[in-house]
Amino acid sequence: MNKLLSIENVSLSYHTMQGEIEALKKIDFDVFSGEFIAIIGPSGCGKTSILSIIAGLLKPSGGKVLLNGEEILSPTEMIGYMLQKDQLFPWRTVEANAMLPLEIHGAKKDLEKRKNVQQLLKKYGLWEFRRSYPSELSGGMRQRVALIRTLACSPEILLLDEPFSALDYQTRLAVCDDVYAIIKNEKKTAVLVTHDISEAIALADRIIVLTKRPSKILNLHEIDTDKALTPLQRRESKGFSSWFERLWRELNYEK
Ligand SMILES: Nc1ncnc2c1ncn2[C@@H]1O[C@H](COP(=O)(O)OP(=O)(O)OP(=O)(O)O)[C@@H](O)[C@H]1O
Ligand SMILES: [Mg+2]
């Protein structure tokens, strides 16, 4: 498999009025093309910071991130970032929200890219709602719009920060299946941050477990559940509960 991203010894400290906060300590892992990676760890350990560094929005205090062998120094169209809240603009329609990255990257009039977004809206059941506003949609539909917006500039890598956390449990399971299907259909590589252990097992090929802050990698697990199954089916498959117990123990008893 082709190595797409290398996170090399990344450290990060925040400088605040109260002093220095050491958030990340020598985080080191690779992401291969087509892979689905989940990052789990205690609240406030630095999960979002890792995604922001990969996205080129935050500069690490030490180490570097390489994309296809080249250091990432600023945001690139190759990487789409779906933030911790869906962050749709309430005054923009579904279509205008989904088109936003084209405006940011100066490609508002790029017909091919516009068509790509329109096709995604059609393919994933949002075309009829293209003139609706976010407040008129269900939580799950809003997440789909946010994902399509992340896909607008055809990135290869998707960074997803707790994409389902605002949804109730039932919706969450369904949207999780939807989002997974979209990512696989579109053949994207994904790095998902979540605090939900079962979500990580249901979605990921590999799971990175982080320690408390300052965060280090406690463990990196290869998940051996059947990849042909949907996330929902994986939750019911053999081996799922033993993975859950193992990861739960790691997160709760880490030294
Ligand atoms: N802009 C900032 N300035 C100062 N400290 C920050 C800043 N952003 C984050 N931090 C601190 O760095 C640590 C890691 O933050 P981060 O948001 O990456 O954690 P997280 O694992 O995503 O948290 P959560 O589980 O709440 O989403 C936290 O202790 C946080 O308080
Ligand atoms: Mg976070």
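## Contacts with ligand 1

In this predicted model, an N or O atom in the side chain of Ser49 lies 2.5 Å from an oxygen atom of ligand 1. The backbone takes part too. A backbone N or O atom of Gly44 is 3.0 Å from an oxygen atom of ligand 1. For Cys45, a polar backbone atom is 3.1 Å from an oxygen atom of the ligand. A polar contact is a pair of N or O atoms within 3.5 Å; within protein, one must be able to donate a hydrogen and the other to accept it, and residues adjacent in sequence count only if both atoms are side-chain atoms.

Taken alone, ligand 1 exposes 640 Å², and the protein buries 64% of that. Such areas come from the Shrake-Rupley method with a 1.4 Å probe; for residues, only the protein chains shown count as cover.

## The shell around the ligand

Which residues are around ligand 1? They are Tyr14, Thr16, Ile21, Ser43, Gly44, Cys45, Gly46, Lys47, Thr48, Ser49, Gln84 and Arg213. A residue is near a molecule or strand if one of its heavy atoms lies within 4 Å of it. By class, three residues of the shell are nonpolar, seven polar and two charged. Here Ala, Val, Leu, Ile, Met, Phe, Trp, Tyr, Cys and Pro count as nonpolar, Asp, Glu, Lys and Arg as charged, and the others, Gly among them, as polar.

Strand S1 (3–16) and helix H1 (47–54) each supply at least two residues of this shell. H1 gives the most, with three. Helices (H or I, at least four residues) and strands (E, at least two) are DSSP runs, numbered from the N terminus.

## Helix H1

H1 is mostly covered: seven of its eight residues are buried. Buried means under 20% relative accessible area, exposed over 50%, and partly exposed in between (1.4 Å probe, protein chains only). The buried residues are Lys47, Ser49, Ile50, Leu51, Ser52, Ile53 and Ile54. Gly56 follows H1 and has a positive phi, near 80 degrees.

## Aromatic pairs

The structure holds three aromatic pairs. Rings of Phe, Tyr and Trp (its six-membered ring) pair if their centres lie within 6.5 Å; planes under 30 degrees apart count as stacked, over 60 as edge-to-face and the rest as tilted. The rings of Phe36 and Tyr180 have centres 5.9 Å apart and planes at 35 degrees, so this pair is tilted. It links distant parts of the chain: Phe36 sits in strand S3 (residues 36–40) and Tyr180 in helix H5 (residues 169–185), 144 residues apart. Phe36 and Tyr180 are buried.

Phe89 and Trp91 form another tilted pair, with 5.1 Å centre to centre and 40 degrees between the planes. Phe89 is partly exposed, at a relative accessible area of 30%. Trp91 is exposed, at 62%.

## Charges over Trp127

Which charged ends sit over the ring of Trp127? That of Lys122 lies 4.6 Å from the ring centre. That of Arg130 lies 4.0 Å from the centre. A charge sits over a ring if NZ of Lys or CZ of Arg is within 6 Å of the ring centre and within 35 degrees of the ring normal.

## Distant in sequence

His105 lies in the loop between helix H2 (94–104) and helix H3 (111–123). His105 is partly exposed, with a relative accessible area of 38%. His105 and Glu77 are 28 residues apart in sequence and 8.1 Å apart in space, C-alpha to C-alpha.

Val175 has its place in helix H5. At 4% relative accessibility, Val175 counts as buried. Val175 and Gly140 are 35 residues apart in sequence, and their C-alpha atoms are 5.7 Å apart in space.

## Backbone exceptions

Most residues other than glycine have a negative phi, and most peptide bonds are trans. Arg213 and Pro214 are joined by a cis peptide bond, with omega about -10 degrees. Pro214 is in the loop between strand S9 (206–210) and strand S10 (217–222).

Asn68 has a positive phi of about 50 degrees although it is not a glycine. Asn68 lies in the loop between strand S4 (62–67) and strand S5 (70–71), and is partly exposed at 43% relative accessible area. Glu162 also has a positive phi, about 45 degrees. Glu162 lies in the loop between strand S7 (157–161) and H5. At 6% relative accessibility, Glu162 counts as buried.

## Conventions

Residues are numbered from 1 along each chain as its sequence is written, while chains are lettered from A and ligands numbered from 1 in the order in which they are written. In this predicted model, local features need pLDDT of at least 70, side-chain atom pairs count only at pLDDT 80 or more, and totals for chains, interfaces and linings use all residues; side-chain values use heavy atoms, with hydrogens and water left out.
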